[in-house]
Amino acid sequence: MLNIVLFGPPGAGKGTQSERIIEKYGLKHLSTGDIFRANIKGETELGKLAKSYIDKGQLVPDEVTINMLKSEFKKVENPKGFIFDGFPRTNAQAAALDEFLTSENTAISGMVALDVEESELRERLRKRAEVSGRTDDADPNIIQNRINVYKAETLPVKEYYQKQDKYSEINGIGSLDEVTARLFKAIDSL
Ligand code: AMP
């Protein structure tokens, strides 16, 4: 199986580029943010819990997120592989993912990170708020919180994969097609 972790700060383009990657490589897209938003829309218990964190720009607790991810993974029959988008976001999630994938007789092939500078991220999130309807994109304080949480809790995940020699980084600035071409090249060399 080809299992890719697509990494990058909020607004780096993970969702958009994931769609192109799943089309080319036939992978299943697992976006924890999308799954939380679907639960919020469906007014499930998980959705209610997740909303209380998402609305503040905080991370949903690891245990809740990991259990949800495992159950979504198990729903997929005969997968060719997965693209993990927005997960893992903490070292605890990364370790839990490794342990889980081992129990499923597979492993992460590599992490590919989209590098985008902070001023560009703020601008992209501001524009996305106009069309996404995401309340966590509309408020500059929540955006700042998400960027701070990214730096404090999520950036260390990069080292987690570097230590396993599974990390690569591409420039996330440029046209959609340019970034996609860089991503395909990085994935092809995994
Ligand atoms: P995203 O769509 O990836 O930007 O995620 C939106 C929000 O969902 C985040 O700001 C977090 O509150 C929550 N979230 C998504 N993925 C995770 C995760 N792996 N761990 C904890 N919280 C998450």
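**A chat about the ligand and its surroundings**

Colleague: Which residues come nearest to the ligand?
Modeller: Keep in mind that this is a predicted model. There are 16 residues around the ligand. The ones that come nearest are Thr32, Arg37, Gln58, Gly86 and Gln93.

Colleague: Okay, and what is the distance from a nitrogen atom of the ligand to an N or O atom in the side chain of Thr32?
Modeller: Let's go through some side chains that reach the ligand with an N or O atom. Arg134 has one 3.2 Å from a ligand oxygen, and Arg89 has one 3.0 Å from a ligand nitrogen. For Thr32, the distance to a ligand nitrogen is 2.8 Å.

Colleague: How much of the ligand's exposed area does the protein bury?
Modeller: The ligand sits in the largest pocket. On its own, the ligand would expose 480 Å². Of that area, the protein buries 96%.

Colleague: Which residue does Asp34 meet in a salt bridge?
Modeller: Side chains with opposite charges can pair up when their charged atoms come close. The whole structure has 18 salt bridges, and in the one with Asp34 the N to O distance is 2.9 Å. The two partners are 3 residues apart in helix H2, so about one helical turn separates them. The partner of Asp34 is Arg37.

Methods: Residues numbered from 1 in each chain as written. Predicted model: local features only at pLDDT ≥ 70, side-chain atom pairs only at ≥ 80, totals over all residues. Heavy atoms only, no water. Near = heavy atom within 4 Å. Polar contact = N/O pair within 3.5 Å; in protein donor to acceptor, adjacent residues only side chain to side chain. Areas by Shrake-Rupley, 256 points an atom, 1.4 Å probe, with all protein chains shown as cover. 1 Å grid on protein atoms, 1.4 Å probe; cavity = no way out; pocket = protein on both sides within 12 Å on 5 of 7 lines; lining within 4 Å. Sits in = over half its atoms within 2 Å of the grid points. Salt bridge = Lys/Arg side-chain N within 4 Å of Asp/Glu carboxyl O. Helix = DSSP H or I, 4+ residues; strand = E, 2+ residues; numbered from the N terminus.
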